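I opened my notebook beside the structure and went through it one spot at a time. Here is what I looked up, in the order I looked.

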Amino acid sequence: MRRLILAGAESAWLRQRAMRAPFVRHAVSRFMPGETMEEALEAAREIGARQGIGMLLTHLGENLASLSEAEAVTAHYLDLIDRVQAAGLDAQPSVKLTQLGLDLGSAECFRNVLALVERAESAGSMVWIDMESSPYVDPTLDIFRRLRERSPRVGVCLQAYLRRTASDLDALLPIGAAVRLVKGAYREPPSVAFPRKADVDEQYYQLARRFFDPALPPETFLGIGTHDERLVERIRTTAAAGGADRSRYEHEMLYGIQRPLQEKLVRARVPLRVLISYGEFWFPWFMRRLAERPANVVFVARSLLRG
Ligand code: FDA
């Protein structure tokens, strides 16, 4: 089922039809407060005020076809950083490098993301770099390392399902990197990614616990990007047992997913950030959310029946 839905995420035919269907748009609203920056900022303000937690903001889109589009996306994020600062919100942008021109030129992409990191640094914020499918891991980590040499205000996502991630972490921990650890959301062959969920979960835990080593550089930071309650509890127990400094890690979850767990962490005063996605190009992103949980397909089907 997961592989079938992820294959659908890559279909232009399906995208064109699904994006027009009212029942799909209704289902999407569960994971996304709106398509515009204003709607995302309003949701960030409301959740921030109600729960006292931080936000991550992503303008959806990937694999652009021209550098002028990538420059427009860069301008959009610069505006976002300014508006977040003006509104006094605790919200950090989370960006995809293919949306900033990675397919079209690594130098141009680097220039675009550097502009964002510099603006975020002067606003007292930071920029997170998402991780896309496996062919992008090397170019993404290369750009991350070059940015990290210039500023500590940048973090990168690593995917626990990839066989290579433990050795990527070997290289990133000594430089005091900020890393968001996730399980991974793309369709990957078994030669590249662990096919069994139990192996991915165990690898996630083993990677996460490495961040609680007190000998690491003080800037090292872990974003625990999972909604898996069992893993969340296991990592919390390890962090508490090792006396981990709460300023060096936070939990990160997606808007609309596992709300009871989010509320539980807020009540326990555990640092939490919620990622709000917005934008018109939501189809592949929405399909990845469906693939994460087969029950979501039932939810979409129910929306169809309700009309
Ligand atoms: P898992 O899939 O095991 O889910 C655990 C439980 O959470 C489920 O049993 C269910 O209750 C709930 N749940 C999870 N997903 C759900 C959904 N879609 N709908 C409803 N309930 C759901 N991936 C990537 O490849 N590159 C990236 O850059 C990012 N960035 C990113 C940022 C942040 C902040 C988060 C939280 C996640 C990502 N991801 C990502 C996505 C990630 O790889 C992964 O696909 C999802 O987080 C789902 O995996 P879990 O770790 O939540 O576990």
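Predicted model: local features only at pLDDT ≥ 70, side-chain atom pairs only at ≥ 80, totals over all residues.

**Entry 1**

I started in the loop between β6 and α10, where D228 is found. Is D228 buried or exposed? I noted 16% relative accessibility for D228, and since the cut-off for buried is under 20%, D228 counts as buried.

Next I asked which residues D228 is in contact with, leaving aside its neighbours within four places in sequence. I found K183, K197 and D201. In sequence D228 and K183 are 45 residues apart, and their C-alpha atoms are 9.8 Å apart in space.

**Entry 1**

**Entry 2: helix α5**

I did the same for α5, residues 67–87. Its 21 residues should span 30 Å at 1.5 Å a residue, and I found 30 Å between the end C-alpha atoms, which agrees. The buried residues in α5 are A70, V73, T74, H76, Y77, L78, L80, I81 and V84. I then looked for what covers them, and my list includes α4 (37–51), β1 (54–59), β2 (91–95), α6 (106–122) and β8 (272–278). After α5 comes G88, with a positive phi near 70°.

T140 lies in helix α7, residues 137–150. With 1% relative accessibility, T140 counts as buried. Leaving aside neighbours within four places in sequence, I found T140 in contact with L97, L102, I129, D130, M131 and V156.

R148 lies in helix α7 too. Is R148 buried or exposed? At 13% relative accessibility, R148 counts as buried. I traced its side chain to the backbone oxygen of G176, which it reaches at 3.1 Å. Not counting residues up to four places away in sequence, R148 touches V154, I175, G176, A177 and E219.

**Entry 3: empty space**

Rolling a probe the size of a water molecule over the atoms shows where empty space is left. I looked at a cavity and then at a pocket.

How many cavities of 30 Å³ or more are there? I counted 1. The largest cavity holds about 40 Å³ of space. Its lining is made of F31, L254, Y255, I257, L275, S277, W285 and R289, and the elements that give two or more residues to that lining are β8 and α12. By class I have 6 nonpolar, 1 polar and 1 charged residues there.

The second largest pocket has a volume of about 350 Å³. It is lined by 15 residues, and the closest to its centre are E10, E62, N63, P284 and R288. I saw that α1 (2–9) and α12 (283–292) each supply at least two residues of this lining. By class, the lining has 7 nonpolar, 2 polar and 6 charged residues.

**Entry 4: two positive phi values**

Most residues other than glycine have a negative phi. With that in mind I stopped at Q258, which is not a glycine but has a positive phi of about 55°. Q258 sits in the loop between β7 (249–254) and α11 (259–267), and with a relative accessible area of 33% it is partly exposed.

I then turned to R269, also not a glycine, with a positive phi of about 55°. R269 has its place in the loop between α11 and β8. Is R269 buried or exposed? At 71% relative accessibility, R269 counts as exposed.

Key: Residues numbered from 1 in each chain as written. Heavy atoms only, no water. Helix = DSSP H or I, 4+ residues; strand = E, 2+ residues; numbered from the N terminus. Expected span 1.5 Å × (residues − 1). Buried < 20%, exposed > 50% of the residue type's maximum accessible area, 1.4 Å probe, protein only. Contact = heavy atoms within 4.5 Å. 1 Å grid on protein atoms, 1.4 Å probe; cavity = no way out; pocket = protein on both sides within 12 Å on 5 of 7 lines; lining within 4 Å. Points joined across faces, edges and corners; volume = space filled by probe spheres on them. Nonpolar A, V, L, I, M, F, W, Y, C, P; charged D, E, K, R; others polar. Polar contact = N/O pair within 3.5 Å; in protein donor to acceptor, adjacent residues only side chain to side chain.
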